[in-house]
Amino acid sequence: MDTMLNVALPKGRLGEKVYAMFENAGFPCPSIKEVNRKLIFENEECGVRYFWVKPSDVAIYVERGAADIGVAGKDILLEYEPDIYELLDLDTGKCRMAVAAKKGFHDDISRVLRVATKFSNIARNFYLSKGRDIDIIHLNGSIEIAPILGLSDVIVDIVETGTTLKENNLEVIETIVPISARFISNKSSYKFKSEAIDRLVESLEKQLGE
Amino acid sequence: MKQDIPLTANEKYIFSLRSLYESYGYTLYKMSKFEEYDLYSKNKDFLVSDGVITFTDTSGKLLALKPDVTLSIIKNTAGSHSSVQKLHYNENVYRVSKNTHEFRELMQVGLECIGDIDDMCLYEVLELSSKSLKCISEHCVLDVSDIGILLKLLDYTGIPEDEKKDALRCIGEKNMHELASKCRALGIEDAKTDKLIGIIKLHGSPRITVEKIRRETAGIIDTSQTEEFFEIVSALENSGNNVNIDFSLVEDINYYNGLIFKGFIEGIPNSVLSGGQYDTLMKKMKRTERAVGFAVYLDMLEQLNKNEEKFDADTIMVYNDKLAFTEIEAAADKLRQDGKSVFVTKEIPQGIRYRTVIDLRNGEV
């Protein structure tokens with residue numbers, strides 16, 4: 001059986017920041033800092049193997065057991081609802097999932113609301129909880145232009161600073177949920193590698209408290 | 001020479017689980033592939049997946065291909081309060097895959113124990129769950145919780161009824177940060193929230209956790225309820241079973257009460273066994289007896305045997321038209337009598353995995 005702790009990290013700045021926290025927690029892997037195109041890095045001595053994956057894929061790697069643990073945005077967890085443990089809020093990569101519309105938008109509740117989004121599940125659940133009838137227009141990018149071109153009434157998307165919205169004459173009309181990076185674990189891996197995972201959680205908690 | 005019957009890994013599991021259950025006096029329950037759709041429409045939340053394959057039979061009745069076995073067993077068995085009915089099954093069920101959103105046929109093995117259920121019955125079913133896991137792999141663990149104790153803890157904290165479902169979701173995800181902020185938003189005292197979270201975090205072997213849980217739940221939960229639970233799980237551990245107490249294990253409270261459990265095998269990313277006491281489901285189905293049971297999901301086990309059966313045949317035997325049928329078969333049968341599998345062919349097919357080649361065309365090996 002694989003005794004190494006397999007960690008899926010999101011490529012990019014968030015992943016690098018989180019790796020530093022893992023390193024401080026006693027799970028270093030110096031080769032990860034080398035500049036090359038490798039995606040898998042191992043430190044056999046510390047029993048850890050890291051791999052960089054697309055941020056939206058981390059939860060899949062963890063749910064399917066290819067990674068024991070990983071770091072994923074709450075947006076991805078809410079959208080795909082993977083069957084995993086969400087052990088810690090890493091309090092980083094903070095933003096919010098929000099509904100935005102053209103400035104001065106008036107919601108005519110007698111009509112079906114057209115919602116453009118990459119996050120269909122989040123949008124569906126949000127409006128279901130409000131009992132609002134909606135039509136979801138699933139887009140893969142440049143969501144902001146949908147209301148401008150009349151494709152949708154509103155958008156449901158991640159808002160960090162709000163600059164993109166402002167530049168496109170849009171504004172947030174409602175916040176759905178705050179988003180941040182979460183430390184997640186495969187359920188089965190947690191049963192067999194709980195000692196290492198708990199040690200890591202404990203150290204991450206300490207670092208967050210500092 | 002007598003040969004072993006070649007079985008796939010899953011067939012071996014089915015046979016060994018069947019012989020395990022029958023050694024405990026469980027009777028094989030065989031059921032029809034179809035069930036009236038009404039049974040599932042009334043108990044939708046009990047089903048593991050959404051969606052049921054339905055069709056209209058010749059009399060106009062709406063039937064379904066079984067997505068679940070337990071509901072059929074409850075519906076089709078006569079109850080008794082003075083005794084216990086012990087049944088086991090291996091049946092195909094038809095469910096929607098979470099990933100492909102398409103229907104899949106899955107083999108499920110399991111057992112149900114219905115009637116006058118006492119602690120001995122509960123212990124026996126837990127022991128059989130643990131032994132079922134061991135039939136598959138020694139690297140296994142059975143997580144056990146008591147939904148009754150967990151609900152008492154939620155009552156103690158004062159989480160309102162309509163918020164319990166969401167609180168249980170957080171608990172099931174071990175998402176203590178969200179549970180804490182939920183409790184804060186509901187105005188629950190920090191001390192009570194900390195107590196709840198502290199107990200849920202106490203997962204592990206009964207030898208290590210029982211005393212701590214006993215201390216933490218003192219004065220909150222009736223000791224008769226916790227002691228009954230501790231007695232069963234401790235006895236299970238003392239008999240050499242790898243068992244963990246884990247209150248983050250949750251099931252739908254509209255169906256389950258009391259003991260609930262899940263089995264994990266190292267190398268398989270999801271639980272392979274799931275079960276519990278479902279007296280509440282029995283009540284919903286107008287039955288007054290108690291019941292407990294579990295299912296083993298054999299489709300999960302395919303991942304454990306990825307590297308098994310490295311060869312499609314031990315020997316590839318190549319012939320040509322100049323050889324007589326009887327001559328070819330005699331050569332192949334000689335090997336088969338020695339327990340070898342022989343694939344007779346004119347040309348070696350692409351992609352076939354074999355140990356040796358016997359070329360009858362020129363007598364070379």
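The model on display is a predicted one.

Strand β7 of chain B comprises residues 140-146 and strand β9 of chain B comprises residues 259-265; the two pair in the antiparallel sense over 7 bridges. To follow one of the pairings, display Cys140(B), whose bridge partner in β9(B) is Ile265(B).

Now extend the selection to the whole sheet. β7 and β9 of chain B belong to an open sheet of 8 strands with mixed pairing, in the order β1-β5-β6-β11-β10-β9-β7-β8. At its edges are β1 (27-28) and β8 (243-245) of chain B, each of which pairs on one side only.

Which residues of α4(B) are buried? They are Leu122(B), Glu124(B), Val125(B), Leu126(B), Leu128(B), Ser129(B), Ser130(B), Ser132(B), Leu133(B) and Ile136(B).

Finally, turn to the interface, where 15 residues of chain A are in contact with 13 residues of chain B. On the side of chain A that touches chain B, the elements giving two or more residues are β5 (84-89) and α7 (187-192) of chain A. β5(A) gives the most, with 5 residues. Colouring this side of chain A by residue class shows 5 nonpolar, 3 polar and 7 charged residues.

Note on methods: Residues numbered from 1 in each chain as written. Chains lettered and ligands numbered in written order. Predicted model: local features only at pLDDT ≥ 70, side-chain atom pairs only at ≥ 80, totals over all residues. Pairing = 2+ DSSP bridges. Helix = DSSP H or I, 4+ residues; strand = E, 2+ residues; numbered from the N terminus. Contact = placed C-beta atoms within 7 Å. Nonpolar A, V, L, I, M, F, W, Y, C, P; charged D, E, K, R; others polar. Buried ≥ 20, exposed ≤ 12 C-beta atoms within 10 Å, placed from the backbone.
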